[in-house]
Amino acid sequence: MRIALDGPLLVFGGPYSNLQATQAVLAEAARRGIPAARTVCTGDVVAYGADAAACCDLVMHSGILVIAGNCEEQLAEAAEDCGCGFAEGTACDLLSRSWYAHANAQVTSAQRDWMRALPKRIEVALPDGRRLAVLHGGAAEISRFLFASAPEAVLAAEIAATGCDGVIAGHCGIPFARRVGEALWLNAGAVGMPADDGTPRVWFSVLTPGPDGLGVEILPLDYDHAAAAAAMRAARLPEGYAAALSSGLWPSADVLPPVERARRGQALAPVALMW
């Protein structure tokens with residue numbers, strides 16, 4: 001699938017069964033006049049939150065473009081776990097067993113069919129001929145965690161594997177934009193869970209083509225996080241993730257590299273660059 005970019009593109013990842021946040025980001029796209037055909041979700045529609053089926057229905061009927069995340073891959077086949085590859089016995093592994101079982105019990109057969117049919121990749125064709133590959137995690141591994149601190153050679157190899165000039169990804173949950181030589185790596189951010197930065201804000205990106213190149217923005221989004229947390233508690237989901245919606249701190253740092261671990265609780269700033 002390919003998008004010929006003739007106007008602003010809004011990209012977000014990780015709705016994570018957070019209905020309130022997903023409603024808010026779709027409302028933001030509408031407020032900006034960005035149509036569904038230029039709105040992309042990088043996957044993991046269903047995960048930590050309370051409203052797996054409702055969130056899935058909202059995204060399905062919105063008309064936006066969605067790529068499969070590891071959660072979609074696993075839920076499509078009613079697999080036993082989320083496919084994140086958490087080490088057995090870690091906090092992330094133990095917490096995921098609860099929210100995944102809740103999600104797996106909620107999603108319908110029609111939703112599983114929709115997940116099964118989702119593409120693994122979308123290409124964005126820019127007016128200047130450059131191309132961006134929209135992925136979930138990595139080029140070859142859907143659940144690969146790639147953070148801002150990743151070595152340049154690692155990101156360069158991932159970009160090269162796509163055959164494109166840059167990558168838009170999700171999965172790791174912390175947004176960043178990084179030039180890799182002449183290429184670009186953009187993690188567009190997640191809307192279903194804060195970015196471990198000590199604030200309840202969530203993040204999305206807007207890409208705008210222009211005469212000087214591609215404008216890339218990473219932007220915060222406020223939403224009714226208290227209602228989303230209350231829904232999680234009513235569903236008896238892990239308190240750590242419910243509390244994180246307000247505190248902005250994840251219940252575990254298991255997946256974080258040392259650089260990102262040292263930055264926990266430090267509020268992120270919006271990003272704007274020209275590529």
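Predicted model: local features only at pLDDT ≥ 70, side-chain atom pairs only at ≥ 80, totals over all residues.
Axes here are lines fitted to C-alpha atoms, for helices over the stretch in contact, and angles run from 0 to 180 degrees between N-to-C directions. Residues are numbered from 1 along each chain as its sequence is written, and side-chain values use heavy atoms, with hydrogens and water left out. Helices (H or I, at least four residues) and strands (E, at least two) are DSSP runs, numbered from the N terminus.

**α2 with α5**

- Angles under 35 degrees count as roughly parallel, over 145 as roughly antiparallel, 65 to 115 as roughly perpendicular and the rest as oblique.
- The α2 and α5 crossing is left-handed. That term applies if the near helix is turned anticlockwise from the far one by less than a right angle; clockwise is right-handed.
- From α2, A53, C56, D57, V59 and M60 meet A110, Q111, W114 and M115 of α5. Contact means heavy atoms within 4.5 Å.
- By class, the contact of α2 with α5 has seven nonpolar, one polar and one charged residues. Ala, Val, Leu, Ile, Met, Phe, Trp, Tyr, Cys and Pro count as nonpolar, Asp, Glu, Lys and Arg as charged, and the others, Gly among them, as polar.

**α1 with α2**

- Helix α1 (residues 19–31) and helix α2 (residues 52–62) have axes that come within 9 Å and cross at roughly 20°. That makes α1 roughly parallel to α2.
- α1 passes α2 in a left-handed crossing.
- L19, T22, Q23 and L26 are the α1 side of the contact, and A54, C55, L58, V59 and S62 are the α2 side. This contact has six nonpolar, three polar and no charged residues.

**α1: length and burial**

- α1 has 13 residues and should span 18 Å at 1.5 Å a residue; its end C-alpha atoms are 18 Å apart, which agrees. The expected span is 1.5 Å times one less than the number of residues.
- Buried residues of α1 are L19, Q20, A21, T22, A24, V25, L26, E28 and A29. Buried means under 20% relative accessible area, exposed over 50%, partly exposed in between (1.4 Å probe, protein chains only).
- Their cover includes β2 (9–12), β3 (39–41), α2, β10 (202–210), β11 (213–221) and α7 (225–234).

**α7 with α8**

- The axes of α7 and helix α8 (residues 239–247) come within 8 Å and cross at roughly 170°. α7 and α8 are therefore roughly antiparallel to each other.
- H225, A228, A229, M232 and R233 of α7 meet E239, Y241, A242, A243, L245 and S246 of α8. Seven of the residues in this contact are nonpolar, two polar and two charged.

**Two buried residues**

- I64 lies in the loop between α2 and β4 (65–66). I64 is buried, at 11% relative accessible area.
- Not counting residues up to four places away in sequence, I64 touches F12, L26, A36, T39, C41 and V59. I64 and R38 are 26 residues apart in sequence and 7.3 Å apart in space, C-alpha to C-alpha.
- E158 sits in helix α6 (residues 152–162). E158 is buried, at 8% relative accessible area.
- With the neighbours up to four places away in sequence again left out, E158 touches G138, A139, A140, R144, L146 and W185.
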